[in-house]
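Open the model in your viewer and keep the selection tool at hand. This tour goes from pocket to pocket, then to the core.

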Amino acid sequence: MPIQVTQSSMPKFEEYIEEIKPIFESRCLTNMGVVYKRFQHQLIDYLGVPYLSLFVNGHMALEMAIQALDLNKAGGEVITTPFTFVSTTHAIVRNGLKPVFCDIKSDDYTIDPKKIENLITENTVAIIPVHVYGSICDVEAIEQIARKYNLKVIYDAAHAFGVTYRNIGVGNFGDATMFSFHATKCFHSIEGGAISFQDESYRRKLHCLKNFGIEGPEDVTDIGANAKLDEFRAAMGICNLRHIDECFEKREAVYKRYYERLKDRSGLKLLEIQPNVKPNYAYFPVCFDKELFGKGRDEVQIYLRKNGINTRKYFFPAVNEMQCYKEEYKEMHTPIAHKVSLEVLALPMYEDLAFEDVDRICDLILD
Ligand SMILES: *Cc1c(COP(=O)(O)O)cnc(C)c1O
């Protein structure tokens, strides 16, 4: 069996069955039921955020956060990062907004706030940065810029579940923050997502948008869609949340094993833990400098695959170089994102990855 780049965390089978039994008995399967509400309250507690709204996935959550802030009505430009999963950009474009790609920092791969101001025009309405690999963006600098130019900020925290910065939950920065609970993320509800937010007035709007814009039985107030999280997925989320601290501990041990084995080899750049951040160890990306290391990223990937190890070019290509965007956005140069996308390889990372497997992967790389 090849080692996959990730493996979903699972509760005990019996634990999940126990959690879904009442759903079978009540026959209430979806539409913001009791399990959904319990999951929502547990997440508000765990993430330490004032408000949170659940969604069927992270992508729809992000699209609807943009709508709840009325950005789609205003139209205009949104400054964002090209070094992300394509969902971030799609959510902007599918709302009739224009993405403006800002380059990233070479140390932690998050958006470079020093390069944001130059990209602001009279049409700029928002900034949508990404806490990529769970690394926290420079939230202070971004907030200063947003204040100065009166811009909204929505963070894509799909990678950053459970991360804190100066003991503040990551969901407390900006106007809103999106989380993804997809099966491949370090915390999941099979599919699922959420928006945390600071302003109570977004609560009604988000609730309405995910349910076709229906405010009451005879009241359709918004042009919504269907993005409700169902009871079975909420139950999976509740089970996984019960074990989340243990999950992070096991991931930390895997991270440290990799780090110790690979840190001294020249030509390899590992993901560092940022100061004042409690990380979630969601990913183990390594950048391969071909000159210094002797082999490029693609060669390493092929060699590992031959030896039964699956890795992922996460992220390649950069979003502004993808087929659906490259023609329109080719004038936007983001050299650091481009370089990292050519060098980065995400190694297998999941809570039950055995140390022997980590060692074997490291041996293969170091050989
Ligand atoms: C996974 C992911 C998304 C989308 O979340 P889904 O729950 O899969 O819809 C958005 N942005 C980033 C950075 C992601 O990794």
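**Second largest pocket**

Select Ser 9, Met 10, Pro 11, His 243 and Glu 351: of the 17 residues lining the second largest pocket, these lie nearest its centre. A pocket here is an open set of points on a 1 Å grid over the protein atoms alone, where a 1.4 Å probe fits, with protein on both sides within 12 Å along at least five of seven lines; lining residues have an atom within 4 Å of a point. This is a predicted model: local features need pLDDT of at least 70, side-chain atom pairs count only at pLDDT 80 or more, and totals for chains, interfaces and linings use all residues. Residues are numbered from 1 along each chain as its sequence is written, and side-chain values use heavy atoms, without hydrogens and water.

Now show helix α9 (residues 244-262), which gives the most to this lining, with four residues. Colour domain 1 (13-242) and domain 2 (244-366): both give residues to the lining, so the second largest pocket lies between them. The domain bounds come from an automatic or database domain assignment.

**Largest pocket**

Select His 182, Thr 184, Lys 185, Tyr 283 and Tyr 314, the closest to the centre of the largest pocket among its 29 lining residues. Both domains give residues here too, so the largest pocket also lies between them.

**Core**

Finish with Phe 161. Its contacts (heavy atoms within 4.5 Å) include Leu 43, Phe 179, Ile 244 and Asn 280, not counting residues up to four places away in sequence.

Key. Helix = DSSP H or I, 4+ residues; strand = E, 2+ residues; numbered from the N terminus.
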